[in-house]
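Here's a quick briefing to read alongside the model. Have the sequence and the 3D view open as you go.

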Amino acid sequence: RRSLHRVVRRQRQMCIRDRTQAEKITVIQTLYDKGVFLIKGAVPEVAQALFCSEATVYRYLSKLSGKR
């Protein structure tokens with residue numbers, strides 16, 4: 001949870017709501033690399049922090065896994 005809030009706080013140079021899809025995917029990538037999504041309940045927390053739905057977070061994760 002701390003990692004999530006630390007990364008999001010660091011990324012908040014502009015309001016997170018105004019971020020583009022690519023910018024939000026970058027945040028998701030950073031959180032994924034830090035292992036945040038291994039924690040139970042991380043997806044709803046991330047969705048809330050990014051002002052998007054859980055389905056959107058899962059879609060972004062799917063896009064990232066397709067690039068690997």
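Is Thr56 buried or exposed? At 11% relative accessibility, Thr56 counts as buried, where buried means under 20% relative accessible area, exposed means over 50%, and partly exposed lies in between (1.4 Å probe, protein chains only). Keep in mind that this is a predicted model: local features need pLDDT of at least 70, side-chain atom pairs count only at pLDDT 80 or more, and totals for chains, interfaces and linings use all residues. Residues are numbered from 1 along each chain as its sequence is written, and side-chain values use heavy atoms, with hydrogens and water left out.

**Overall layout**

- The chain has four helices and zero strands; helices (H or I, at least four residues) and strands (E, at least two) are DSSP runs, numbered from the N terminus.
- Reading from the N terminus, the elements go α-α-α-α.
- Out of the chain's 68 residues, 38% count as buried.
- The accessible surface comes to about 4600 Å², and 49% of it belongs to carbon and sulfur atoms; such areas come from the Shrake-Rupley method with a 1.4 Å probe, and for residues only the protein chains shown count as cover.
- Take the contacts (heavy atoms within 4.5 Å) with a separation of 6 or more: residues 24 or more positions apart account for 56% of them.

- The chain averages a pLDDT of 84, and 79% of the residues score at least 70; pLDDT is the predictor's confidence in each residue, from 0 to 100.
- Confidence is lowest in H1, at a mean of 68, and highest in H4, at 92.
- Where pLDDT is low, the predicted coordinates should not be read in detail.

**The nonpolar core**

- The largest nonpolar core has 18 residues, and those touching the most other members are Ile28, Leu31, Val36, Phe37, Val46, Leu50 and Val57. A core here is a set of buried Ala, Val, Leu, Ile, Met, Phe, Trp, Tyr and Cys residues joined through side-chain atoms within 4.5 Å.
- Two or more residues come from each of helix H1 (2-11), helix H2 (21-33), helix H3 (42-50) and helix H4 (54-67).
- H3 gives the most, with five residues.
- In soluble globular proteins, nonpolar side chains tend to be buried together.

**A closer look at H3 and what follows**

- The buried residues in H3 are Ala42, Val43, Val46, Ala47, Ala49 and Leu50.
- Seen down the axis of H3, these buried residues fall within an arc of 165°, so they line one face of the helix; the arc is that of the directions from the helix axis to the C-beta atoms.
- Phe51 sits in the loop between H3 and H4 and has a positive phi of about 55° although it is not a glycine.
- With 42% relative accessibility, Phe51 counts as partly exposed.

**Two threonines**

- Thr56 belongs to helix H4, and a 2.9 Å polar contact joins its side chain to that of Ser53. A polar contact is a pair of N or O atoms within 3.5 Å; within protein, one must be able to donate a hydrogen and the other to accept it, and residues adjacent in sequence count only if both atoms are side-chain atoms.
- Thr26 is in helix H2 and is partly exposed, with a relative accessible area of 43%.
- Thr26 and Leu64 are 38 residues apart in sequence and 9.5 Å apart in space, C-alpha to C-alpha.
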